[in-house]
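Trainee: I would like a close look at a single part of this chain, and then an account of what lies around it. Please define the terms as you go.

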Amino acid sequence: MKYYLIAGEASGDLHGSNLMRELKLADPEAQFRYFGGDLMQNEGGTLVKHYREMAFMGIVNVVLNLKTIGRNMKFCQKDLLEFQPDVVILIDYPGFNLRMAEFAKRHNQRVFYYISPKVWAWKEYRVKKIKAFVDELFTILPFETEYFKKHGIDVNYVGNPLMDSVAAFQKKALSKAEFLNKNNLDERPVVALLSGSRKQEIKNTLPIMKKAAACYPEFQFVVAGVSTVDKKTYDKILRGFPIPVIYNQTYDLLSNSHSALVASGTATLETALFGVPQTVLYRVEGGRVVQFIMKNFFLKVKWASLPNLILNKEALKEFIQVDLTFKNVRDELHRLLYEQDYRDKITADYNRLNEILGEPGTSKRAAKKMTELLKT
């Protein structure tokens with residue numbers, strides 16, 4: 001069968017690549033064409049647009065790039081009509097993908113949505129579009145089943161694909177000595193700085209991470225670099241303080257970290273799955289004005305991080321928008337580094353999180369279900 005996948009950011013590339021690997025096993029004649037990244041390209045098929053040309057974050061950044069976004073949409077529409085896939089598989093990235101769902105449905109192409117939009121958090125009106133234009137919805141968070149049921153949508157809950165990614169990594173992980181030696185790190189405990197996968201996220205979080213790190217020279221802080229972000233972005237922010245940036249080794253870094261400061265997003269759940277105590281940071285343009293608008297008119301959830309949402313409690317401290325200050329981050333970091341009871345509490349919550357998420361095998365379950373549905 002012919003599969004057309006659309007992923008618009010790094011996490012989508014990761015989950016898309018794992019899904020493609022399992023689809024090839026479930027359907028030996030699978031043909032792939034996709035918007036994605038290097039990981040998906042490694043699985044074969046044809047990469048028609050890299051996600052680095054599509055990852056625009058924040059209201060201002062999106063507005064400034066409306067022409068580029070429009071061109072990408074027109075290009076994708078034309079490509080879908082030429083390829084004529086048996087199914088269009090959309091991976092998160094709702095601003096773009098819901099428009100593609102409408103287009104594909106209008107042209108009688110079957111639409112599967114893998115990793116549903118987080119409409120339970122904000123922009124709930126998108127539920128109507130999902131109901132109208134998506135044939136099958138595949139969800140990865142346990143509480144989503146009940147949420148969508150209330151809106152008259154039956155979902156296919158397949159578990160969380162990060163469980164697969166972490167399990168696969170752990171089979172080939174470097175030892176701590178190998179990791180330290182490979183990256184010229186010393187024996188001090190490592191603190192991971194996961195400042196985001198997009199340029200604007202990094203600009204909004206890494207400066208405060210750097211400032212807090214300077215207070216604790218007895219630890220070595222390491223930035224998880226993203227290869228799709230220009231190295232100059234990191235160099236400019238970190239100038240004057242020697243924090244190493246290592247690229248494409250996020251899981252190795254987490255596997256050997258004592259604690260972490262993490263930009264809100266998929267990385268918070270990855271960090272939790274590695275059992276690393278963390279604090280969650282996030283900020284977008286607009287300060288208090290944006291915070292007021294989001295809190296009062298858009299956001300439907302109490303927390304920003306996935307571990308807190310899944311556990312339905314504040315297991316991790318979150319500093320969002322105006323709360324993201326140097327003092328708050330420094331004081332919370334001190335607790336992560338030195339208060340064992342505090343760390344033990346977070347670890348206990350992580351254990352509960354693993355119980356809720358269940359066993360690895362998400363990509364395999366999703367691929368099996370998709371191929372079964374396509375045969376009917």
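Which residue in β9 stands opposite Leu-193?

Mentor: Leu-193 has Val-223 of β9 opposite it. This is a predicted model, in which local features need pLDDT of at least 70 and side-chain atom pairs count only at pLDDT 80 or more, while totals for chains, interfaces and linings use all residues. Residues are numbered from 1 along each chain as its sequence is written, and side-chain values use heavy atoms, with hydrogens and water left out.

Start with the strands. Strands (E, at least two residues) and helices (H or I, at least four) are DSSP runs, numbered from the N terminus. β8 pairs with β9, residues 220-225, in the parallel sense, over four bridges. Two strands pair if DSSP finds at least two bridges between them.

β8 itself is mostly covered, since five of its five residues are buried. Buried means under 20% relative accessible area, exposed means over 50%, and partly exposed is in between, using a 1.4 Å probe and protein chains only. Val-190, Ala-192 and Leu-194 point one way from the strand, and Val-191 and Leu-193 point the other way.

β8 belongs to an open sheet of six strands with parallel pairing, in the order β10-β9-β8-β11-β12-β13. At the edges are β10 (245-247) and β13 (318-320), each of which pairs on one side only. On average, neighbouring strands of this sheet are turned by 20° against each other, direction ignored. Further along the order, β11 (residues 259-263) and β12 (residues 278-282) pair in the parallel sense over four bridges. Ala-263 has Leu-281 in β12 as its bridge partner.

Now the loops next to these strands. Asn-184 is in the loop between α9 (176-182) and β8 (190-194). Its phi is near 55°, a positive value in a residue other than glycine. Most residues other than glycine have a negative phi. Asn-184 is exposed, with a relative accessible area of 72%.

His-258 is in the loop between α12 (250-255) and β11, and counts as partly exposed at 22% relative accessibility. Leaving aside neighbours within four places in sequence, His-258 is in contact (heavy atoms within 4.5 Å) with Pro-189, Val-190, Phe-219, Val-276, Pro-277, Leu-336, Leu-337 and Arg-343. Val-190 is one of the residues of β8 already described. The C-alpha atoms of His-258 and Gln-340 are separated by 12 Å, although the two residues are 82 apart along the chain.

Gln-340 brings us to a helix. The axes of α13 (residues 266-273) and α17 (residues 340-357) come within 9 Å and cross at roughly 105°. α13 is therefore roughly perpendicular to α17. Axes here are lines fitted to C-alpha atoms, for helices over the stretch in contact, and angles run from 0 to 180 degrees between N-to-C directions. Angles under 35 degrees count as roughly parallel, over 145 as roughly antiparallel, 65 to 115 as roughly perpendicular, and the rest as oblique. On the α13 side the contact involves Leu-269, Ala-272 and Leu-273, and on the α17 side Tyr-350, Leu-353, Asn-354 and Leu-357. These residues divide into six nonpolar, one polar and no charged. Ala, Val, Leu, Ile, Met, Phe, Trp, Tyr, Cys and Pro count as nonpolar, Asp, Glu, Lys and Arg as charged, and the others, Gly among them, as polar.

Last, the nonpolar cores. A nonpolar core is a set of buried Ala, Val, Leu, Ile, Met, Phe, Trp, Tyr and Cys residues joined through side-chain atoms within 4.5 Å. In the largest one, of 97 residues, Leu-5, Ile-89 and Tyr-114 touch the most other members. Helix α5 (residues 94-106) gives the largest share of this core, six residues. A second, separate core has 25 residues, including Met-209, Leu-281, Val-329 and Leu-333. Leu-281 is the bridge partner of Ala-263 noted above.
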